[in-house]
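Here is a friendly walk through one protein chain, written to be read with the model open beside you. Keep the viewer handy and click along as each residue comes up.

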Amino acid sequence: MRRSIGMLAATTLLVAGCSAGQGDPKVALTVGDVTVSTVEQVQQKLNDLLATNKAAQDQARQRKLDVVSRGIVTQQALNQLTADAVKKSGITIDEQLVEQSVPSLTGPQATQGDPFQSIVDAAFPAKDITRTRLALIELGGRAVGRSAVTFDAAFPQKLEDAQALAKKVAENPAKSAELMQAVPNPAQEAIIGQTQDPAKARDPQSLMQAASSPLFNLPTGTVTATRLGGETGGYVVFYLKSKQPAQPPQGFDPTSVDPLQLAQVGQAQLVSLAQQTGIHPNPRYGSWDPVTLKVVSGEEAAAASTVLQVKTPKP
């Protein structure tokens, strides 16, 4: 049975990132050459949360403050990445609009049912969170349906098989089809040379789903081995072969889409920028996941995905 693009787009990736093992132990996070925060500043945000936020206090009773700390550092990285993307794109965020949007872009209604993100949001000034989300909405609106992606994909059942396949494809991308078609999985055949063309999207929801997928927003020439989301389990090895400029379906209006969905698309646009820039959290918090754009624990990183760049053939 052929796995749909929608299922691929819904895949959750965890990718081991570089940690700043040789960095200043007092620094919590660097983005490129910018020191975004210190350990003391992250601790102060955590202390303030514990003094005022009941949900954070509940996390403390469950001994999960390390998760909250990772969430704070993650949000700091997203704020910085978004600011960098805005600068590169020439986007201007109207401060009056920031003021007006605080009620709709902060609080539980803005975290799409994620109570943990509500805790993280509470660690930051409401205007900062709002400004970041407005910027992501603008980035998402500009990006939806603007790229057609051609890829190969196979579905190994074991992590070690997926990692081995990804390495082989990266070393010899010309044999990607042959290597992927040899994967033994009668329930899920390989997808070879398929193009995700936004102009052919069945409906706005499928268009948004593809646009917000990390898989479709990786740099060209990336091979990823990662666990599949959902209940089916298994893994996907995904080789992004090319990207071409495209147009969304005729009549599609991004302003008609839920702004928070556009923000998800906007965040997906940060994947390449994050890899180019380099995100380095202090190892005490964990490792950076350059695809899901999160700081992940050491335990999560141990079972993380493999992301490789294909080798360029010698002339």
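Arg63 is exposed, with a relative accessible area of 76%. The terms work like this: buried is under 20% relative accessible area, exposed is over 50%, and partly exposed is in between, using a 1.4 Å probe and protein chains only. You will find Arg63 in the loop between helix 3 (54–61) and helix 4. Although Arg63 is not a glycine, its phi is positive, at about 60 degrees. Helices (H or I, at least four residues) and strands (E, at least two) are DSSP runs, numbered from the N terminus.

Leu293 also has a positive phi of about 60 degrees without being a glycine. Its place is the loop between strand 8 (287–289) and strand 9 (294–296). Is Leu293 buried or exposed? With 2% relative accessibility, Leu293 counts as buried.

## What kind of model this is

This is a predicted model, in which local features need pLDDT of at least 70 and side-chain atom pairs count only at pLDDT 80 or more, while totals for chains, interfaces and linings use all residues. Residues are numbered from 1 along each chain as its sequence is written, and side-chain values use heavy atoms, with hydrogens and water left out.

## The chain as a whole

The chain has 13 helices and 10 strands. Along the principal axes, its C-alpha atoms fill a box of roughly 60 × 45 × 40 Å. For 315 residues, a compact globule would have a radius of gyration near 20 Å, and the chain agrees with its 20 Å. That radius is taken over C-alpha atoms, and the globule rule is 2.2 Å times the number of residues to the power 0.38.

Of the 315 residues, 48% count as buried. Among contacts (heavy atoms within 4.5 Å) with a separation of 6 or more, 77% join residues 24 or more positions apart. The chain exposes about 15600 Å², and carbon and sulfur atoms supply 51% of that area; accessible areas come from the Shrake-Rupley method with a 1.4 Å probe, and for residues only the protein chains shown count as cover.

The chain carries 29 positive and 28 negative charges, and their mean positions are 5 Å apart. Lys and Arg count as positive and Asp and Glu as negative, while His and the chain ends are not counted. The place of a charge is NZ of Lys, CZ of Arg, CG of Asp or CD of Glu.

How far apart are the end C-alpha atoms of helix 4? They are 36 Å apart, which agrees with the 36 Å that the 25 residues of helix 4 (residues 65–89) should span at 1.5 Å a residue. The expected span is 1.5 Å times one less than the number of residues. Just after helix 4, Gly90 takes a positive phi of about 70 degrees.

Gln76 lies in helix 4 and is buried, with a relative accessible area of 8%. Leaving out residues up to four places away in sequence, Gln76 touches Leu29, Val36, Ser37, Val42, Lys45 and Phe124. Gln76 and Val31 are 45 residues apart in sequence, yet 9.5 Å apart in space, C-alpha to C-alpha.

## Helix 12 and strand 7

In helix 12 (residues 270–277), Leu270, Val271, Ser272, Leu273 and Ala274 are buried. Which elements cover these buried residues? The cover includes helix 4, helix 7 (126–143), helix 11 (259–268), strand 7 and strand 8. Just after helix 12, Gly278 takes a positive phi of about 90 degrees.

His280 sits in strand 7 (residues 279–281). This residue is partly exposed, with a relative accessible area of 27%. From His280 to Lys311 is 31 residues in sequence and 25 Å in space, C-alpha to C-alpha.

Ala153 belongs to strand 3 (residues 147–154) and is buried, at 0% relative accessible area. Apart from residues up to four places away in sequence, Ala153 touches Met180, Ala190, Ile191, Val236, Val237 and Phe238.

Arg227 lies in strand 5 (residues 222–227) and is partly exposed, with a relative accessible area of 45%. Arg227 and Val237 are 10 residues apart in sequence and 9.0 Å apart in space, C-alpha to C-alpha.
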